[in-house]
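Here is a walk through one protein model. Keep the chain in view and follow the stops in order.

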Amino acid sequence: MPASDSPTSTSSDLSARAAQARAALDAQTREIVAWHFDPATGCPFWLDYARKLDFDPRRDVKNFDDLSKFPPFEDEWLRGGPMQRWIPKGLAGKPVFVFETGGTTGIPKTRVAFEDFRTDYEIFSGTLPDEYFPRGSNWLMLGPSGPRRLRLSVEHLAQYRGGICFCVDLDPRWVIKLIKKGWSEHLDAYKAHVIEQAVTILQAGHDIKCMFATPKLLEALALKLESLGTTIRKAGITGIFSGGTEFTPQWNRFAHEELLDGAYMTPTYGNTLMGLAASAPTGPQNNYKITYHAPQPRAVIQVADFDDPSKTVEYGQSGRVKLTTLTREFFVPGFLERDEGEREPPCEKFPWDGISGVKPYRGVASTTTVGVY
């Protein structure tokens with residue numbers, strides 16, 4: 001065995017790359033904190049908040065660990081306006097988007113965006129194998145539309161890779177209402193309506209080879225195509241990326257064995273605050289286990305102790321997802337997500353921590369309604 005291929009050599013190389021990734025994260029942290037707390041470039045929210053702190057972020061935050069000096073980021077800060085308080089002075093005058101996250105009832109959480117959603121998906125594009133996601137191919141976007149970032153992001157991904165994106169209409173808020181009212185007949189009709197849109201697009205001669213779909217909609221589409229005497233692969237799809245807390249190893253195996261007919265699929269975990277966490281390679285070789293790695297250094301996922309969120313659990317242990325976003329558009333230190341999972345070590349493709357077994361956080365799972373998507 002050549003020295004470069006030995007386990008010790010590989011482990012040493014991964015350790016070195018992990019150290020480089022950590023240095024990049026520390027540098028990103030210093031840059032972003034300096035930007036958001038500089039009176040010339042920061043947003044009104046953080047500049048005002050700094051007056052309440054007992055430390056100076058620009059002076060005292062020297063690395064990622066120093067972000068623990070901040071109190072936990074509160075969910076309610078993102079509910080309601082005015083949105084202008086989140087616009088960094090350094091980006092004033094640029095066209096601004098507002099995206100919703102969560103909020104199936106009541107006032108939704110919102111965030112401002114300029115280019116982050118494009119940048120995040122351009123980075124993600126680099127993780128997609130061209131063999132299954134051919135450059136220049138057209139895409140189908142089968143997921144929530146409206147004020148959500150996902151639609152524009154997938155559309156940009158298609159454009160960035162040289163294709164055209166075809167989208168369906170899907171209102172998840174209406175789906176949640178149908179579920180809560182127990183109107184199962186209406187729910188089934190609405191899901192059928194969404195799938196009919198997708199089938200119509202696939203049968204219209206648009207030569208679509210790539211697709212985003214949520215697990216439930218991907219399954220419904222596969223079953224509908226089967227009833228029509230065809231499959232996802234025979235309909236022309238060669239590459240799929242999908243995501244959601246319902247994307248379990250069990251469903252991953254089921255999809256590969258029963259739904260995809262040989263089409264390639266990669267799991268993702270993302271949201272409007274963080275961007276998109278790609279998956280390490282998954283398949284029969286690892287029993288379809290799914291491990292996500294955040295797009296460091298722009299965002300970080302930590303697995304926090306259930307009882308003390310200031311502590312990170314050991315590898316292989318379960319905890320709550322703690323998210324940090326570090327871009328010039330948006331700074332979020334230590335936001336406790338409504339998900340939990342197990343901490344995973346760095347891997348060859350992503351030399352920083354990951355998370356597996358993602359599912360709704362046990363503290364809110366019983367109150368969370370999962371819809372058609």
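Helix axes here are lines fitted to C-alpha atoms over the stretch in contact, and angles run from 0 to 180 degrees between N-to-C directions. The model itself is predicted.

Start with helix H8, residues 215-227, and helix H9, residues 249-259. Their axes come within 11 Å and cross at roughly 20°. Angles under 35 degrees count as roughly parallel. H8 and H9 are therefore roughly parallel to each other. Their crossing is left-handed. On the H8 side, the contact is made by Pro215, Leu218, Glu219 and Ala222. H9 brings Trp251, Phe254 and Leu259. By class, this contact of H8 with H9 has six nonpolar residues, no polar ones and one charged.

Helix H6 covers residues 172-181, and helix H7 covers residues 184-202. They pack at an angle of about 155°, with their axes 8 Å apart. Are they roughly parallel or antiparallel? The cut-off for roughly antiparallel is an angle over 145 degrees, so H6 is roughly antiparallel to H7. This crossing, of H6 and H7, is left-handed. Trp174, Val175, Leu178 and Ile179 make the contact from H6. His186, Leu187 and Tyr190 make it from H7. The contact of H6 with H7 divides into six nonpolar residues, one polar and no charged.

Follow the chain out of H7. Asp207 sits in the loop between H7 and strand E5, residues 208-213. Its phi is near 55°, a positive value in a residue other than glycine.

Two peptide bonds also deserve a look. Where are they cis? Pro82 belongs to the loop between helix H3 (57-60) and strand E1 (97-101). Another cis peptide bond joins Gln296 and Pro297, with omega about 5°. Pro297 is in the loop between strand E9 (291-293) and strand E10.

Strand E10 leads on to the second largest pocket, as one of the elements that give two or more residues to its lining. How much space lies in the second largest pocket? The volume is about 640 Å³. Its lining counts 30 residues, and the closest to the centre are Phe64, Asp65, Gln302, Thr312 and Lys322. Besides E10 (299-304), the elements that give two or more residues are helix H1 (7-36), strand E11 (318-326) and strand E12 (331-344). By class, the lining has 17 nonpolar, eight polar and five charged residues.

How many cavities of 30 Å³ or more does a search of the whole structure find? It finds one. The largest cavity has a volume of about 30 Å³. Arg111, Asp116, Asp120 and Arg149 are among the residues that line the largest cavity. Leu273, Met274 and Gly275 line it too, as do Arg298, Thr325 and Thr327. The classes in this lining are two nonpolar, three polar and five charged.

Key. Residues numbered from 1 in each chain as written. Predicted model: local features only at pLDDT ≥ 70, side-chain atom pairs only at ≥ 80, totals over all residues. Heavy atoms only, no water. 1 Å grid on protein atoms, 1.4 Å probe; cavity = no way out; pocket = protein on both sides within 12 Å on 5 of 7 lines; lining within 4 Å. Points joined across faces, edges and corners; volume = space filled by probe spheres on them. Helix = DSSP H or I, 4+ residues; strand = E, 2+ residues; numbered from the N terminus. Nonpolar A, V, L, I, M, F, W, Y, C, P; charged D, E, K, R; others polar. Parallel < 35°, antiparallel > 145°, perpendicular 65-115°, else oblique. Left-handed = near helix turned anticlockwise from the far one by under 90°. Contact = heavy atoms within 4.5 Å.
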